[in-house]
Amino acid sequence: MDGLRSWAQAGLSPPALGTRVGQGSGELWPDPEWEGGPEIQKREERRGTSGITPSSESRRPAPCALRAAMSKESQRSLGKGSAPPGPVPNGHIRLYSMRFCPFAQRTRLVLQAKGIRHEVVNINLKNKPEWFFTKNPFGLVPVLENGQGQLIYESSITCEYLDEAYPGKTLLPEDPYEKACQKMTFELFSKVPPLVGSFIRSQNKEDRTGLKEDLHKEFSKLDQVLTDKKTTFFGGNSISMIDYLIWPWFERLEVLELTECVSHTPQLKLWMTAMRKDPTVSTISTDPKIYGGFLHLYLQNSPEVCDYGL
(Lines give C-alpha, C1' and ligand atoms only; values in the text may rest on other atoms or scores of the structure.)
Protein backbone atom coordinates (compact mmCIF):
# COMPACT_ATOMS: atom_id res chain seq x y z
CA MET A 1 0.00 0.00 0.00
CA ASP A 2 1.38 3.36 0.30
CA GLY A 3 4.32 4.19 2.37
CA LEU A 4 5.44 7.57 3.42
CA ARG A 5 6.76 8.44 -0.07
CA SER A 6 8.13 11.92 -0.78
CA TRP A 7 5.40 14.48 -1.19
CA ALA A 8 7.56 16.53 -3.50
CA GLN A 9 7.49 13.68 -6.01
CA ALA A 10 3.83 14.44 -6.59
CA GLY A 11 4.39 18.16 -6.96
CA LEU A 12 2.81 18.91 -3.59
CA SER A 13 4.03 21.03 -0.74
CA PRO A 14 6.45 19.44 1.73
CA PRO A 15 4.92 16.52 3.61
CA ALA A 16 2.33 17.36 6.13
CA LEU A 17 3.26 14.11 7.78
CA GLY A 18 6.60 12.41 7.30
CA THR A 19 6.81 10.15 4.29
CA ARG A 20 9.02 7.21 3.49
CA VAL A 21 9.12 5.20 0.28
CA GLY A 22 6.79 2.24 0.22
CA GLN A 23 4.74 3.04 3.28
CA GLY A 24 1.77 4.89 1.93
CA SER A 25 -0.28 2.95 -0.57
CA GLY A 26 -1.75 -0.37 -0.60
CA GLU A 27 -1.71 -3.83 -1.76
CA LEU A 28 -3.41 -5.74 1.01
CA TRP A 29 -0.83 -5.73 3.79
CA PRO A 30 2.88 -4.79 3.90
CA ASP A 31 4.92 -6.79 1.39
CA PRO A 32 8.13 -8.24 2.85
CA GLU A 33 9.92 -7.82 -0.47
CA TRP A 34 10.25 -4.06 0.13
CA GLU A 35 11.63 -2.41 3.21
CA GLY A 36 8.46 -1.20 4.82
CA GLY A 37 6.33 -1.79 1.71
CA PRO A 38 4.64 -1.83 -0.66
CA GLU A 39 2.08 -2.11 2.07
CA ILE A 40 0.11 -5.14 1.15
CA GLN A 41 -2.81 -5.51 2.66
CA LYS A 42 -18.98 -2.23 1.27
CA ARG A 43 -20.97 -3.13 0.41
CA GLU A 44 -24.05 -3.83 2.52
CA GLU A 45 -26.16 -4.58 -0.48
CA ARG A 46 -25.55 -5.95 -3.96
CA ARG A 47 -27.05 -4.01 -6.85
CA GLY A 48 -25.70 -5.89 -9.82
CA THR A 49 -22.57 -5.21 -11.85
CA SER A 50 -23.44 -1.98 -13.60
CA GLY A 51 -20.69 0.25 -12.27
CA ILE A 52 -21.50 3.17 -9.99
CA THR A 53 -24.35 3.20 -7.50
CA PRO A 54 -26.50 6.32 -7.24
CA SER A 55 -25.96 8.56 -4.26
CA SER A 56 -28.70 8.93 -1.70
CA GLU A 57 -29.94 11.87 0.33
CA SER A 58 -28.15 12.61 3.57
CA ARG A 59 -30.36 13.54 6.51
CA ARG A 60 -29.11 11.95 9.70
CA PRO A 61 -29.06 8.52 8.02
CA ALA A 62 -27.48 5.38 9.33
CA PRO A 63 -23.76 4.98 8.49
CA CYS A 64 -24.40 2.99 5.29
CA ALA A 65 -26.80 5.61 4.00
CA LEU A 66 -24.46 8.40 5.06
CA ARG A 67 -21.64 6.79 3.12
CA ALA A 68 -23.87 6.49 0.07
CA ALA A 69 -24.79 10.14 0.31
CA MET A 70 -21.14 11.16 0.27
CA SER A 71 -19.90 8.78 -2.41
CA LYS A 72 -20.81 6.65 -5.37
CA GLU A 73 -19.05 3.33 -5.16
CA SER A 74 -18.61 0.57 -7.70
CA GLN A 75 -19.79 -2.75 -6.34
CA ARG A 76 -17.37 -5.46 -7.38
CA SER A 77 -13.71 -4.72 -7.93
CA LEU A 78 -12.33 -4.30 -11.43
CA GLY A 79 -9.71 -6.84 -12.45
CA LYS A 80 -7.61 -7.90 -15.40
CA GLY A 81 -9.46 -7.65 -18.67
CA SER A 82 -11.95 -5.07 -17.39
CA ALA A 83 -12.65 -1.89 -19.30
CA PRO A 84 -11.32 1.28 -17.68
CA PRO A 85 -13.89 3.71 -16.28
CA GLY A 86 -14.61 6.82 -18.31
CA PRO A 87 -13.19 10.27 -17.67
CA VAL A 88 -13.94 11.97 -14.38
CA PRO A 89 -16.41 14.83 -14.97
CA ASN A 90 -15.19 18.35 -14.28
CA GLY A 91 -15.62 19.30 -10.65
CA HIS A 92 -15.69 15.66 -9.51
CA ILE A 93 -13.09 13.41 -7.96
CA ARG A 94 -12.65 9.63 -8.12
CA LEU A 95 -10.92 7.34 -5.65
CA TYR A 96 -9.41 4.05 -6.80
CA SER A 97 -9.57 1.90 -3.71
CA MET A 98 -9.96 -1.58 -2.25
CA ARG A 99 -12.60 -2.20 0.38
CA PHE A 100 -10.29 -3.73 2.98
CA CYS A 101 -7.12 -1.71 2.39
CA PRO A 102 -6.10 0.31 5.49
CA PHE A 103 -4.10 2.75 3.34
CA ALA A 104 -7.09 3.48 1.10
CA GLN A 105 -9.17 3.81 4.26
CA ARG A 106 -7.05 6.82 5.19
CA THR A 107 -8.19 8.60 2.05
CA ARG A 108 -11.80 7.54 2.53
CA LEU A 109 -11.76 8.92 6.07
CA VAL A 110 -10.51 12.29 4.87
CA LEU A 111 -13.04 12.42 2.03
CA GLN A 112 -15.81 11.70 4.52
CA ALA A 113 -14.52 14.07 7.21
CA LYS A 114 -14.35 16.97 4.75
CA GLY A 115 -17.71 16.15 3.17
CA ILE A 116 -16.27 15.76 -0.33
CA ARG A 117 -18.63 14.12 -2.80
CA HIS A 118 -16.74 11.49 -4.73
CA GLU A 119 -16.99 8.19 -6.50
CA VAL A 120 -15.09 5.04 -5.60
CA VAL A 121 -13.80 2.46 -8.07
CA ASN A 122 -12.59 -0.68 -6.34
CA ILE A 123 -9.55 -2.46 -7.77
CA ASN A 124 -8.85 -6.19 -7.51
CA LEU A 125 -5.33 -6.09 -6.09
CA LYS A 126 -4.94 -9.82 -6.62
CA ASN A 127 -5.73 -9.54 -10.33
CA LYS A 128 -5.03 -5.94 -11.31
CA PRO A 129 -6.40 -4.51 -14.54
CA GLU A 130 -3.72 -3.56 -17.05
CA TRP A 131 -5.06 -0.01 -17.36
CA PHE A 132 -4.65 0.62 -13.63
CA PHE A 133 -0.87 0.93 -14.04
CA THR A 134 -1.51 4.10 -16.06
CA LYS A 135 -3.13 5.52 -12.91
CA ASN A 136 -0.30 4.49 -10.62
CA PRO A 137 2.89 2.88 -12.00
CA PHE A 138 3.22 0.92 -8.75
CA GLY A 139 -0.24 -0.59 -9.24
CA LEU A 140 -1.26 0.28 -5.69
CA VAL A 141 -4.21 2.01 -4.03
CA PRO A 142 -5.28 4.62 -3.08
CA VAL A 143 -5.23 6.80 -6.19
CA LEU A 144 -7.20 10.00 -6.73
CA GLU A 145 -8.19 11.24 -10.18
CA ASN A 146 -9.85 14.60 -10.75
CA GLY A 147 -11.75 16.14 -13.63
CA GLN A 148 -8.54 17.52 -15.16
CA GLY A 149 -7.12 14.01 -15.39
CA GLN A 150 -4.61 14.74 -12.64
CA LEU A 151 -3.56 11.66 -10.65
CA ILE A 152 -2.42 11.61 -7.03
CA TYR A 153 -1.22 8.47 -5.26
CA GLU A 154 0.33 7.42 -1.92
CA SER A 155 -2.15 7.63 0.93
CA SER A 156 -0.61 10.44 2.97
CA ILE A 157 -0.13 12.47 -0.22
CA THR A 158 -3.76 11.99 -1.26
CA CYS A 159 -4.90 13.11 2.19
CA GLU A 160 -2.84 16.29 2.18
CA TYR A 161 -3.99 17.05 -1.37
CA LEU A 162 -7.64 16.75 -0.35
CA ASP A 163 -7.13 18.97 2.68
CA GLU A 164 -5.47 21.69 0.60
CA ALA A 165 -7.57 21.43 -2.56
CA TYR A 166 -11.02 21.37 -0.95
CA PRO A 167 -12.47 24.10 1.30
CA GLY A 168 -14.33 23.53 4.50
CA LYS A 169 -13.06 21.64 7.51
CA THR A 170 -9.25 21.76 7.72
CA LEU A 171 -7.57 18.67 9.13
CA LEU A 172 -3.94 19.78 9.07
CA PRO A 173 -2.82 22.50 11.48
CA GLU A 174 -1.61 25.80 10.03
CA ASP A 175 0.90 26.37 12.81
CA PRO A 176 4.33 25.12 11.61
CA TYR A 177 5.24 23.62 14.97
CA GLU A 178 1.94 21.77 15.33
CA LYS A 179 2.30 20.47 11.79
CA ALA A 180 5.83 19.30 12.61
CA CYS A 181 4.48 17.51 15.69
CA GLN A 182 2.02 15.61 13.50
CA LYS A 183 4.86 14.65 11.15
CA MET A 184 6.90 13.34 14.05
CA THR A 185 3.98 11.32 15.40
CA PHE A 186 3.45 9.89 11.93
CA GLU A 187 7.09 8.81 11.84
CA LEU A 188 6.72 7.30 15.30
CA PHE A 189 3.78 5.26 14.01
CA SER A 190 5.55 4.16 10.81
CA LYS A 191 6.77 0.81 12.20
CA VAL A 192 3.25 -0.34 13.06
CA PRO A 193 1.89 -1.19 9.55
CA PRO A 194 4.78 -3.51 8.59
CA LEU A 195 4.67 -5.18 12.02
CA VAL A 196 0.93 -5.83 11.67
CA GLY A 197 1.47 -7.17 8.14
CA SER A 198 4.21 -9.51 9.34
CA PHE A 199 1.98 -10.72 12.15
CA ILE A 200 -0.83 -11.55 9.73
CA ARG A 201 1.44 -13.57 7.45
CA SER A 202 3.41 -15.31 10.18
CA GLN A 203 2.61 -18.95 10.89
CA ASN A 204 5.30 -19.34 13.56
CA LYS A 205 4.17 -18.99 17.17
CA GLU A 206 7.55 -17.69 18.35
CA ASP A 207 7.67 -15.12 15.55
CA ARG A 208 4.17 -13.96 16.44
CA THR A 209 5.14 -13.57 20.09
CA GLY A 210 8.11 -11.44 19.08
CA LEU A 211 5.97 -9.31 16.79
CA LYS A 212 3.48 -8.73 19.61
CA GLU A 213 6.33 -7.58 21.82
CA ASP A 214 7.48 -5.18 19.12
CA LEU A 215 3.96 -3.78 18.74
CA HIS A 216 3.74 -3.45 22.52
CA LYS A 217 6.83 -1.21 22.42
CA GLU A 218 5.59 0.89 19.50
CA PHE A 219 2.22 1.47 21.16
CA SER A 220 4.01 2.51 24.35
CA LYS A 221 5.70 5.32 22.39
CA LEU A 222 2.37 6.54 21.04
CA ASP A 223 0.81 6.35 24.51
CA GLN A 224 3.62 8.56 25.79
CA VAL A 225 2.87 11.17 23.12
CA LEU A 226 -0.71 11.46 24.38
CA THR A 227 0.45 11.49 27.99
CA ASP A 228 2.84 14.35 27.30
CA LYS A 229 0.31 16.34 25.27
CA LYS A 230 -2.46 15.88 27.85
CA THR A 231 -5.05 15.90 25.05
CA THR A 232 -7.63 13.38 23.85
CA PHE A 233 -6.32 13.25 20.29
CA PHE A 234 -2.84 13.35 18.80
CA GLY A 235 -3.39 16.79 17.33
CA GLY A 236 -5.15 18.32 20.32
CA ASN A 237 -8.66 18.15 21.77
CA SER A 238 -10.33 17.54 18.42
CA ILE A 239 -9.67 15.01 15.67
CA SER A 240 -7.18 16.06 13.03
CA MET A 241 -5.28 14.51 10.14
CA ILE A 242 -2.85 12.45 12.19
CA ASP A 243 -5.69 10.66 13.98
CA TYR A 244 -7.31 9.60 10.71
CA LEU A 245 -3.99 8.52 9.19
CA ILE A 246 -3.16 6.04 11.94
CA TRP A 247 -6.67 4.89 12.89
CA PRO A 248 -7.17 2.06 10.31
CA TRP A 249 -4.60 -0.17 12.04
CA PHE A 250 -6.16 0.32 15.46
CA GLU A 251 -9.57 -0.54 14.04
CA ARG A 252 -8.16 -3.94 13.05
CA LEU A 253 -6.59 -4.87 16.39
CA GLU A 254 -9.68 -6.67 17.65
CA VAL A 255 -10.18 -8.92 14.64
CA LEU A 256 -6.43 -9.68 14.61
CA GLU A 257 -6.55 -10.54 18.31
CA LEU A 258 -3.92 -7.92 19.08
CA THR A 259 -5.78 -5.87 21.70
CA GLU A 260 -3.41 -7.19 24.36
CA CYS A 261 -0.73 -5.05 22.73
CA VAL A 262 -2.47 -1.90 23.95
CA SER A 263 -3.52 -3.23 27.36
CA HIS A 264 -0.72 -1.25 29.02
CA THR A 265 -1.52 2.06 27.30
CA PRO A 266 -4.26 3.93 29.20
CA GLN A 267 -4.12 7.12 27.13
CA LEU A 268 -4.05 5.23 23.84
CA LYS A 269 -7.09 3.21 24.90
CA LEU A 270 -8.96 6.41 25.75
CA TRP A 271 -8.02 7.74 22.31
CA MET A 272 -9.37 4.57 20.67
CA THR A 273 -12.65 4.96 22.55
CA ALA A 274 -12.95 8.58 21.46
CA MET A 275 -12.14 7.68 17.84
CA ARG A 276 -14.91 5.07 17.71
CA LYS A 277 -17.41 7.78 18.66
CA ASP A 278 -16.42 9.98 15.72
CA PRO A 279 -19.16 10.00 13.03
CA THR A 280 -16.59 9.75 10.23
CA VAL A 281 -14.89 6.73 11.79
CA SER A 282 -18.19 4.95 12.45
CA THR A 283 -19.28 5.59 8.86
CA ILE A 284 -16.07 4.36 7.24
CA SER A 285 -15.93 1.05 9.04
CA THR A 286 -16.51 -2.61 8.34
CA ASP A 287 -18.02 -5.28 10.57
CA PRO A 288 -15.25 -7.31 12.28
CA LYS A 289 -16.92 -10.50 11.02
CA ILE A 290 -16.53 -9.27 7.45
CA TYR A 291 -12.87 -8.51 8.13
CA GLY A 292 -12.46 -11.98 9.57
CA GLY A 293 -13.84 -13.57 6.42
CA PHE A 294 -11.60 -11.37 4.29
CA LEU A 295 -8.51 -12.38 6.26
CA HIS A 296 -9.37 -16.06 5.93
CA LEU A 297 -9.48 -15.76 2.13
CA TYR A 298 -6.43 -13.49 2.08
CA LEU A 299 -4.31 -16.09 3.83
CA GLN A 300 -5.48 -18.62 1.25
CA ASN A 301 -4.34 -16.21 -1.48
CA SER A 302 -7.83 -16.33 -2.98
CA PRO A 303 -8.36 -14.24 -6.13
CA GLU A 304 -11.86 -13.48 -4.81
CA VAL A 305 -10.65 -11.90 -1.57
CA CYS A 306 -11.19 -8.27 -2.63
CA ASP A 307 -14.90 -8.91 -3.22
CA TYR A 308 -15.54 -10.87 -0.04
CA GLY A 309 -19.02 -10.22 1.34
CA LEU A 310 -20.58 -8.86 -1.86
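User: Which helix holds L195, and is the residue buried or exposed?
Analyst: In this predicted model, L195 has a relative accessibility of 14%. Buried means under 20%, so L195 counts as buried. Its place is in residues 192-201, helix α5.

User: How are α4 and α6 oriented where they pack?
Analyst: Two packed helices are described by the angle between their axes and the distance between the axes. Helix α4 covers residues 176-189, and helix α6 covers residues 205-229. Their axes lie 9 Å apart, at an angle of about 160 degrees. Angles over 145 degrees count as roughly antiparallel, so α4 is, relative to α6, roughly antiparallel.

User: Which residues make the contact of α4 with α6, and how do they divide by class?
Analyst: From α4 come E178, T185, L188 and F189. From α6 come E218, K221, L222, V225 and K229. By class, that contact has 4 nonpolar, 1 polar and 4 charged residues.

User: How are α6 and α8 oriented where they pack?
Analyst: Helix α8 spans residues 266-276. The axes of α6 and α8 are 7 Å apart and meet at an angle of about 80 degrees. The range from 65 to 115 degrees counts as roughly perpendicular, so α6 is, relative to α8, roughly perpendicular.

User: Which residues meet between α6 and α8, and what are their classes?
Analyst: On the α6 side are F219, L222, D223, L226 and T227. On the α8 side are P266, Q267, L268 and W271. The residues of this contact divide into 6 nonpolar, 2 polar and 1 charged.

User: Where is the cis peptide bond that ends at P142, and what is its omega?
Analyst: Most peptide bonds are trans. The bond from V141 to P142 is cis. P142 lies in the loop between β3 (118-122) and β4 (143-146). Omega is near 5 degrees.

User: What is phi at E154, and is E154 buried or exposed?
Analyst: Most residues other than glycine have a negative phi. E154 has a positive phi, near 80 degrees. E154 sits in the loop between β5 (151-153) and α3 (155-165). Its relative accessibility is 0%, so E154 counts as buried.

User: What is phi at N301, and is N301 buried or exposed?
Analyst: N301 is found in the segment after α10 (288-299). Its phi is positive, near 60 degrees. Relative accessibility is 51%, and the cut-off for exposed is over 50%. N301 therefore counts as exposed.

User: How many disulfides does the model have?
Analyst: C159 is buried, with a relative accessible area of 0%. C181 is also buried, at 16%. A disulfide needs a pair of cysteine sulfur atoms within 2.5 Å. By this rule the count is 0.

User: Where does pLDDT stay under 50?
Analyst: The chain averages a pLDDT of 83, and 76% of the residues score at least 70. One stretch under 50 has 107 contacts beyond four places in sequence: residues 1-23. Another, with 109 such contacts, is residues 30-69.

Methods
Residues are numbered from 1 along each chain as its sequence is written. This is a predicted model: local features need pLDDT of at least 70, side-chain atom pairs count only at pLDDT 80 or more; totals for chains, interfaces and linings use all residues. Side-chain values use heavy atoms; hydrogens and water are left out. Axes are lines fitted to C-alpha atoms, for helices over the stretch in contact, and angles run from 0 to 180 degrees between N-to-C directions. Helices (H or I, at least four residues) and strands (E, at least two) are DSSP runs, numbered from the N terminus. Angles under 35 degrees count as roughly parallel, over 145 as roughly antiparallel, 65 to 115 as roughly perpendicular and the rest as oblique. Contact means heavy atoms within 4.5 Å. Ala, Val, Leu, Ile, Met, Phe, Trp, Tyr, Cys and Pro count as nonpolar, Asp, Glu, Lys and Arg as charged, and the others, Gly among them, as polar. pLDDT is the predictor's confidence in each residue, from 0 to 100. Buried means under 20% relative accessible area, exposed over 50%, partly exposed in between (1.4 Å probe, protein chains only).
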